[in-house]
2 protein chains.
Amino acid sequence: MKQTYEPKIAPIIAGYGTIAGPKEGEGRFAKYFDNILTDDKMGQKSYEKAEGMLYMAAANQALIRAGITAEELNCMTGGDLLNQIISSNYAAREIGAPFLGLYGACSTMAESLIAGSLMVGGGFMDRVLCVTSSHFSTAERQFRMPLEMGGQRPPTAQWTVTGSGATVLSNRGPGPHIARFTIGRVVDYGVNDANNMGAAMAPAAADTLAAHFRDTRLPLDYYDCIYTGDLGRLGLQLLRDILRADYGMDLGDRLHDCGNEMFLPEQDTHCGGSGCGCAAITFNGYLLKEMQYGNIKKFMLVATGALMSTTSSQQGESIPGIAHAVAVEV
Amino acid sequence: MKQTYEPKIAPIIAGYGTIAGPKEGEGRFAKYFDNILTDDKMGQKSYEKAEGMLYMAAANQALIRAGITAEELNCMTGGDLLNQIISSNYAAREIGAPFLGLYGACSTMAESLIAGSLMVGGGFMDRVLCVTSSHFSTAERQFRMPLEMGGQRPPTAQWTVTGSGATVLSNRGPGPHIARFTIGRVVDYGVNDANNMGAAMAPAAADTLAAHFRDTRLPLDYYDCIYTGDLGRLGLQLLRDILRADYGMDLGDRLHDCGNEMFLPEQDTHCGGSGCGCAAITFNGYLLKEMQYGNIKKFMLVATGALMSTTSSQQGESIPGIAHAVAVEV
């Protein structure tokens, strides 16, 4: 089963933008973010409204860097963690571009880049905006517990990143490009702990990584670095174990995880960052900027998603995972 | 702003399948459905589990008609109304194909056909499965009230269709094809009544229809028929009014609505059908079969979605709408 595709027309990364929350702005990637919030409610009445503003801010930053206006977009594609992807829908209403809504949980940054690559790389469109966001306070109350409860977080828990990242893909111009992408499958090893997302997603990341190297026959050391989305400290360890045991693959110190590196140990996030925003601000912040500085020539983002639903969890279902990969080269 | 695209490689409709609930099976399109349920819980413990089975059944029916197995799929793409599109995720887990999850509310049938057209029409893939579903009992309790409450439905209410439809797109073989598609924009006229979806979606349908005929310069009588998704009786009337008043367009008796025609008047559904399944079973049931019988040569589906969220509604937001169009020709 082939899962990896190389667009004939290279989707060029014409612009990108990030905005991050206060906690993320004190983390390891702080200096790479375009904007850092001091108030994660952004003066709004609800965190949901604040997340919508994050989304718009990242989108606008990417448009500015690409030197285009929203009217020049052929399409916007993206999603977020909230039910009915409301942050995306309300942002799409403001931006006014044709919109394809996605749901891939925390894999959405890669999923939107794949959708954008299909549009640009298939010769349909000239300029596409790919966006996603997450917010600690909207995600916690939707998926876990009311923040006001002050519940204790178990050691396997991850911290949903407050932030948004956006990328403009174009069929022309200078800049790095999406060299190839791998569409992930839904993989489920039976994990049903909403506070152990890394374990739920690691098998999907392994499946997609194995598919990518099987399809492309590239050597395992081809990329300067590979960043999985938000497996966190434990999930990354599990991924290494699964890759070794089930696929005989060892990616060594080229393999990193956005969630594992997002926060500093003293920030007390337990297993690290998670959420759509985690991969989004690492990709559009750290990775693309390091590429711009000439420190990275080829990398792959393998954004991972835990397709968790409170309804199906209550009905005894486990949490399926998915991971989509996009490889970027200068 | 161009919103309409013609795939250079025509995405051929190689297979399609439908399954419908008991009430839909007594409606106007009954004879066109492949399978009609007698028990809409399908012997499951929850309606959510039943909806997942609907999804699988439609997908399998489409694969059978296309004469392929799930292993031969390059990708599956789709979504549903449930939070985190759980019906789709669990079906994707069983089917095992690479999966791109979508969220477009009731516009998902057209959105998935557009995503599939990008994959096949852009030269990336050979065979893609596009699916969506909805279930009256899962949607009502998620978006409105517990069924057990027995609340009275206002005259503007529509009835969420229990059903699922699936389409296999291929780059070869006989069969009708997706001639062109129009990606919709998020349009919001400020409607905030969760029991008046037709009014929330009609402006989006008008916007997409106007964009389609503006982009293609096709005469308004080009298609044998145009079916909007699930505007219902009132929404269809509003669409006619908006088209006439804002765009000077009159599509006359070529313009129909899946929701308006799904049920018979004596079935007491007030304004008609709605839900992802409404457009899905009309498209994969009535429209494709009438095309197979030679009674329709060219038609367009304009599936409409109300991007409603209980969270944002409670926070005073209105309900944005979206509509995506796919034109099918023999």
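Let's start at one residue: Q152(B) is exposed, with a relative accessible area of 81% (exposed means over 50%, buried under 20% and partly exposed in between, with a 1.4 Å probe and protein chains only). Everything here comes from a predicted model, where local features need pLDDT of at least 70 and side-chain atom pairs count only at pLDDT 80 or more, while totals for chains, interfaces and linings use all residues. Residues are numbered from 1 along each chain as its sequence is written, chains are lettered from A and ligands numbered from 1 in the order in which they are written, and side-chain values use heavy atoms, leaving out hydrogens and water.

**Where Q152(B) sits**

- You'll find Q152(B) in the loop between α4 and β7 (159-160) of chain B; helices (H or I, at least four residues) and strands (E, at least two) are DSSP runs numbered from the N terminus.
- From Q152(B) to P219(B) there are 67 residues along the chain, and their C-alpha atoms are 44 Å apart.

**How the two chains relate**

**The contact between them**

- Chain A puts 61 residues into the contact, and chain B puts in 61 residues (heavy atoms within 4.5 Å).
- Together the two chains bury about 4900 Å², and 60% of that is on carbon and sulfur atoms (the accessible area lost on being put together, 1.4 Å probe, summed over both).
- There are 24 residue pairs in polar contact between chain B and chain A, both residues at pLDDT 80 or more (N or O atoms within 3.5 Å, one able to donate a hydrogen and the other to accept it; sequence neighbours count only through side-chain atoms).
- On the chain B side, the elements that each supply at least two residues include α1 (47-66), α2 (86-95), α3 (108-121) and β14 (321-329).
- The largest share of that side, six residues, comes from α3(B).
- By class, the chain B side has 29 nonpolar, 21 polar and 11 charged residues.

**Salt bridges across the contact**

- Over all chains, the structure holds 28 salt bridges (a Lys or Arg side-chain nitrogen within 4 Å of an Asp or Glu carboxyl oxygen).
- One pair joins two chains, because R93(A) lies in helix α2 (residues 86-95) of chain A and E317(B) in the loop between α9 and β14 of chain B.
- In that salt bridge, the closest N and O atoms of R93(A) and E317(B) are 3.4 Å apart.
- R93(A) is partly exposed at 22% relative accessibility, while E317(B) is buried at 18%.
- The count between chain B and chain A is six salt bridges.
- K49(A), R93(A), E94(A), D188(B) and E317(B) are linked in a salt-bridge network.

**Salt bridges inside one chain**

- In chain B, R180(B) pairs with E329(B), with the closest N and O atoms 2.9 Å apart.
- R180(B) lies in strand β9 (residues 177-182) and E329(B) in strand β14, so this pair ties together parts that are 149 residues apart in sequence.
- Both R180(B) and E329(B) are buried.
- In chain A, D215(A) pairs with R214(A), and their closest N and O atoms are 3.1 Å apart.
- D215(A) is partly exposed at 24%, and R214(A) is partly exposed at 44%.

Methods: Ala, Val, Leu, Ile, Met, Phe, Trp, Tyr, Cys and Pro count as nonpolar, Asp, Glu, Lys and Arg as charged, and the others, Gly among them, as polar.
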